[in-house]
Amino acid sequence: MRRRTYPGPPVDLPLDGWLYEARPMPGCARCAELKARLDRATRRGEASARFEAARAIRQCAHETAE
């Protein structure tokens, strides 16, 4: 009999969806650029790039294009 050194099988916890959510401000040029980056990362399945783009959108100062 094999001796188990942990209480059970590993558990995969889902990532918080908020990490990948972002609401770009309409009319903000920087948000539009970051949203395009977020969309590309989503299509490619690049989780880290998705997180970085979503975080940047949430932290954007919302500069309007003139």
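Helix H1 passes helix H2 in a left-handed crossing, in what is a predicted model. H1 spans residues 29-44 and H2 spans residues 47-58; their axes come within 8 Å and cross at roughly 160°. Because of that angle, H1 is roughly antiparallel to H2.

Which residues make the contact between H1 and H2? From H1 come Cys31, Leu34, Lys35, Arg37, Leu38, Ala41 and Thr42, and from H2 come Ala49, Arg50, Ala53, Ala54, Ala56 and Ile57.

Let's turn to another residue of H2, Phe51. Phe51 is partly exposed, at a relative accessible area of 28%. Setting aside neighbours within four places in sequence, Phe51 touches Leu19, Tyr20 and Arg58. Leu19 lies 32 residues away from Phe51 along the chain, yet their C-alpha atoms are separated by 5.9 Å.

Now for the cysteines. The disulfide count comes to 0. For Cys28, the nearest cysteine sulfur is that of Cys31, 3.6 Å away, and for Cys31 the nearest is in turn that of Cys28. A disulfide needs the two sulfur atoms within 2.5 Å, so Cys28 is in no disulfide. Cys31, which also takes part in the contact of H1 with H2, is in no disulfide either.

| Residue | Relative accessible area | Class |
|---|---|---|
| Phe51 | 28% | partly exposed |
| Cys28 | 4% | buried |
| Cys31 | 0% | buried |

Conventions:
Residues numbered from 1 in each chain as written. Predicted model: local features only at pLDDT ≥ 70, side-chain atom pairs only at ≥ 80, totals over all residues. Heavy atoms only, no water. Axes fitted to C-alpha atoms, helices over the stretch in contact; angles between N-to-C directions. Helix = DSSP H or I, 4+ residues; strand = E, 2+ residues; numbered from the N terminus. Parallel < 35°, antiparallel > 145°, perpendicular 65-115°, else oblique. Left-handed = near helix turned anticlockwise from the far one by under 90°. Contact = heavy atoms within 4.5 Å. Buried < 20%, exposed > 50% of the residue type's maximum accessible area, 1.4 Å probe, protein only.
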